[in-house]
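Here are my notes on the model you sent over. Have a look at it first, then read on.

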Amino acid sequence: MVYTISGGPPMNDQMLDIWLDRLMDGDQEAFEVVYSMTRTKIYGTVAAMVSRLRSSSIKAKPRKRQMSRSNEMLGKKYKK
């Protein structure tokens with residue numbers, strides 16, 4: 001895979017590994033380089049995941065009728 005830094009030359013996996021090693025050693029410049037190479041891809045991935053979670057949670061919410069029936073079955077509709 002080829003990565004690009006805005007305004008810089010393309011970077012391959014081998015070069016990225018070097019930057020990641022430097023990043024793991026606490027190199028601030030390496031953090032900035034890796035961040036600039038990956039931020040768009042990571043943002044897109046996270047946005048897609050959040051979108052999927054939102055749509056699945058909307059579908060998973062029970063309807064009011066289903067809730068009242070389940071409450072009846074559990075005896076919660078009736079006062080003590």
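1. Helices here are DSSP runs of H or I with at least four residues, strands are runs of E with at least two, and both are numbered from the N terminus.

2. Keep in mind that this is a predicted model, where local features need pLDDT of at least 70, side-chain atom pairs count only at pLDDT 80 or more, and totals for chains, interfaces and linings use all residues. Residues are numbered from 1 along each chain as its sequence is written, and side-chain values use heavy atoms, with hydrogens and water left out.

3. Now for the two ends of α1. At its start, a side-chain oxygen of Asn12 comes within 3.1 Å of the backbone nitrogen of Gln14. After α1 comes Gly26, with a positive phi near 90 degrees.

4. What makes up the largest nonpolar core? Seven residues do: Met11, Leu16, Trp19, Ala30, Val33, Val34 and Met37. Such a core is a set of buried Ala, Val, Leu, Ile, Met, Phe, Trp, Tyr and Cys residues joined through side-chain atoms within 4.5 Å; buried means under 20% relative accessible area, exposed over 50%, partly exposed in between (1.4 Å probe, protein chains only). Helices α1 and α2 (28–60) each supply at least two of the core residues, and α2 gives the most, with four.

5. Overall, the protein chain runs β-β-α-α-α from the N terminus, and 12% of its 80 residues count as buried.

Terms used:
Polar contact = N/O pair within 3.5 Å; in protein donor to acceptor, adjacent residues only side chain to side chain.
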